[in-house]
Amino acid sequence: MPGKAKTVYQCPEPPCIHIVIDERRRVFKVFIEDYDMIIPIPIEELSKACSRLKGVEKLREAYGDEVDYLARRYLEAEPKGG
């Protein structure tokens, strides 16, 4: 039985979200890749974020200075890149 081709995870324009699956071990993990950082994300956090997205259909995504404002005001963080 020929083996499956190995999935190549590439991130041409970070940040990227990868769902890495190991069928043999029957496990998966979600990662965010941002240049040289690979951050594992608990599925519970991803599920919460996806649920919140369902409530923003009538809003527009923030861009530019608005992104900086939101990060500073609501996350009390200085945005990096973006």
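**Exercise 1.** Work out whether Cys50 is buried or exposed, or in between, and which cysteine sulfur is closest to the Cys50 sulfur.

*Solution.* Start with accessibility: Cys50 has 39% relative accessibility and counts as partly exposed (buried is under 20% relative accessible area, exposed over 50%, partly exposed in between, with a 1.4 Å probe and protein chains only). Next, look for a partner: the closest cysteine sulfur, in Cys16, is 16 Å away, too far for a bond (a disulfide is a pair of cysteine sulfur atoms within 2.5 Å).

A word on the model: it is predicted, so local features need pLDDT of at least 70 and side-chain atom pairs count only at pLDDT 80 or more, while totals for chains, interfaces and linings use all residues. Residues are numbered from 1 along each chain as its sequence is written, and side-chain values use heavy atoms, with hydrogens and water left out.

**Exercise 2.** Find which cysteines the disulfide joins, and describe their surroundings.

*Solution.* First, the count comes to one disulfide. Cys11 and Cys16 are its ends, with S to S at 2.1 Å.

**Exercise 3.** Say how β2 and β3 pair, and which residue of their hairpin takes a positive phi.

*Solution.* β2 and β3 pair in the antiparallel sense over five bridges (strands are DSSP runs of E, at least two residues, numbered from the N terminus; two strands pair if DSSP finds at least two bridges between them). In the hairpin, two residues lie between the strands, and Tyr35 takes a positive phi near 55 degrees.

Methods: Helices (H or I, at least four residues) and strands (E, at least two) are DSSP runs, numbered from the N terminus.
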